[in-house]
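Have the structure open beside you and follow along.

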Amino acid sequence: MKKTTIQDIAKELGLSRNTVSKALMGSESVAEETRFMVLRKAYEMGYAKFKMPLPKEVSEIYPKNSTRNILVLGRDSSSFWHRIITGVSEELCRNNCRLLLHFIDEETERRMELPRDLAEGEVDGVIVLNVFSEEYVRRIAAQGRPVVFLDAPKHCDIYLQYGDVVAPEGEQSVRKLVENVIAQGMRRIGFIGDITYCKTIYDRYRGFASALIEANLDRDRSIIKTAHVEHRYYDRQEVEEAFNSMPYIPDAIVCANDDIAKDLYYVLKEKNISIPKDVAVIGFDDKEEAEIMSPPLSTVHIPNKDLGIRLVQELFWRIENPERTKETVLITTDVVLRDSSVKSRAMN
């Protein structure tokens, strides 16, 4: 089926292509009545490249089962992210929408290059799966499409200028895991994770810190590694350097995610340090390998597929309610207690 073009609309209305183009962009140089007429005709003809929220009077005449093109921007294609994308894909399919998936590497972001689909106006909404620079996010938002973000920078209000934020809960779940090791008598508890990077990791640190404060335990800065490093501790050498810089072996170490915990496992085993007998280890994400690690890793389970579904639902809500206040939505997570943080099991 041939796509409707600006020229098609112009011909149908007897207007110039330039006038139709400006009307679709929301230009005030076009009379309000003419803009409405162009938008209505464009909707009737199935035009799919709108660059502005449509007036309610126009959107209500468009068939509810019309196909939307939803752009998903990510950086990682691992199984963890695949489950989120699966949730996104299934929810879009249920709503007769097309998924346009693009992976943005660091060089593409540095060059401020946008996917052609977005730059050429082929999409109705955008879901951003990774934390990109504010400059890049600003450029995405400048295209005039509704945007929903999975996670945000440490200070979430930066992204809330441009769209809604959906994120997994982290503060209370990490707090519960830390309270568990404290209840076992552990007092010297460390942390590894770049809290300057994103809100979710910062929230996990807040949960760690609040558990210590509630138990009247000091936060020993010598075993807390939260400063920015080049690879944000997604690098075994950085994890090893973080551990080696600790003046003593903590009773427990909370890792900002399972990837960091996995690298810490390797570091500890190379040093013949037993988990959890010598040091308990806690992760976050509940990746597939967490349960089969030796010992199985205590972590926090994120319902990835449900998270993907919720991202789409939030985007649809935003498309239908462009003027409503921006939202931050937290998705419930589950604490998963396994052998890596239960010293009593290691003693048996």
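**Ground rules.** I am working with a predicted model, where local features need pLDDT of at least 70, side-chain atom pairs count only at pLDDT 80 or more, and totals for chains, interfaces and linings use all residues. Residues are numbered from 1 along each chain as its sequence is written, and side-chain values use heavy atoms, with hydrogens and water left out.

**Entry 1: α1 and α2.** I began with helix α1 (residues 6-13) and helix α2 (residues 17-25), which pack at an angle of about 110° with their axes 9 Å apart. Helices here are DSSP runs (H or I, at least four residues), strands are runs of E of at least two, and both are numbered from the N terminus. The axes are lines fitted to C-alpha atoms, for helices over the stretch in contact, and angles run from 0 to 180 degrees between N-to-C directions. I therefore noted α1 and α2 as roughly perpendicular to each other, a term that covers 65 to 115 degrees.

Which residues meet across this pair? From α1 I listed Ile6, Gln7, Ile9 and Ala10, and from α2 Arg17, Val20, Ser21 and Leu24; contact means heavy atoms within 4.5 Å. I sorted the residues of this contact into 5 nonpolar, 2 polar and 1 charged. Here Ala, Val, Leu, Ile, Met, Phe, Trp, Tyr, Cys and Pro count as nonpolar, Asp, Glu, Lys and Arg as charged, and the others, Gly among them, as polar.

**Entry 2: α14.** Helix α14 (residues 304-320) has 17 residues and reaches 25 Å from its first C-alpha to its last, close to the 24 Å expected at 1.5 Å a residue. That expected span is 1.5 Å times one less than the number of residues. I found several buried residues in α14, including Leu307, Leu311, Leu315 and Arg318. Buried means under 20% relative accessible area, exposed over 50% and partly exposed in between (1.4 Å probe, protein chains only).

**Entry 3: cis prolines.** The peptide bond from isoleucine 275 to proline 276 is cis, with omega near 0°, and proline 276 sits in the loop between α13 (258-270) and β9 (280-282). Serine 294 and proline 295 are also joined by a cis bond, with omega about 0°; I placed proline 295 in the loop between β9 and β10 (299-301).

**Entry 4: positive phi.** Is aspartate 286 buried or exposed? Aspartate 286 has a positive phi of about 55° although it is not a glycine, lies in the loop between β9 and β10, and counts as buried at 14% relative accessibility.

Conventions. Angles under 35 degrees count as roughly parallel, over 145 as roughly antiparallel, 65 to 115 as roughly perpendicular and the rest as oblique.
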